[in-house]
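Here is a short briefing on one protein model. Please look over the sequence and the fold before reading on.

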Amino acid sequence: MSSILDIVQQELSGGSIQQIAQHAGVDPSVAQRAVETALPMIVGAINQHASQPGNVTGAQPNATPFGDASALLGGLSGMFGDQAGGMGGVLGKVIGSRQAEIQNEIAGATGIDKDKAARILQALIPMVMAALARRTQQAQAPQPSAPEARP
């Protein structure tokens, strides 16, 4: 099974980096560097959050450490604009107190201001959550059975 980072990288193929760049008002090469910087930190924060008692909700079939993530499988679709600005609740839940640290790392690695770093971070969270939901669904999918051995 692919790691979350691998799945997110797959979702970034195509026009996703361009969309992130447009959302943040930066060049696509800057957006790519920002994504490469932020992604491991976001995944680490998710893992840290999930390891805390009471944060994993395993009773639901599509549960992630943040509840039912099946609605996030659309990736970036519809996550920009007003919805992206409203991601503060999810953003805070996903990366918690590390938000400022991650924004500073993005700004330092790319030379952009913290506002643009925050916009990139807001765009990445839905992608990471969608990748997490996809990974959960893959893990729960029935595995094909091996054919029975015939004498």
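Predicted model: local features only at pLDDT ≥ 70, side-chain atom pairs only at ≥ 80, totals over all residues.

Residues are numbered from 1 along each chain as its sequence is written, and side-chain values use heavy atoms, leaving out hydrogens and water.

**Overall fold**
- The protein has seven helices and two strands, taken as DSSP runs (helices H or I, at least four residues; strands E, at least two) numbered from the N terminus.
- Along the sequence, the pattern is α-α-α-β-β-α-α-α-α.
- Of the 151 residues, 42% are buried (under 20% relative accessible area, 1.4 Å probe, protein chains only).

**Helices α6 and α7**
- Helix α6 spans residues 99-110, and α7 spans residues 114-140.
- They pack at an angle of about 110°, with axes 8 Å apart; axes are lines fitted to C-alpha atoms over the stretch in contact, and angles run from 0 to 180 degrees between N-to-C directions.
- That angle makes α6 roughly perpendicular to α7 (65 to 115 degrees).
- Contact (heavy atoms within 4.5 Å) involves Q99, I102, Q103, N104, I106 and A107 of α6 and K114, A117, A118 and L121 of α7.

**Residue A133**
- A133 lies in helix α7.
- A133 counts as buried because its relative accessibility is 4%.
- I4 is 129 residues from A133 in sequence, yet their C-alpha atoms are 9.6 Å apart.

Methods. Buried < 20%, exposed > 50% of the residue type's maximum accessible area, 1.4 Å probe, protein only. Parallel < 35°, antiparallel > 145°, perpendicular 65-115°, else oblique.
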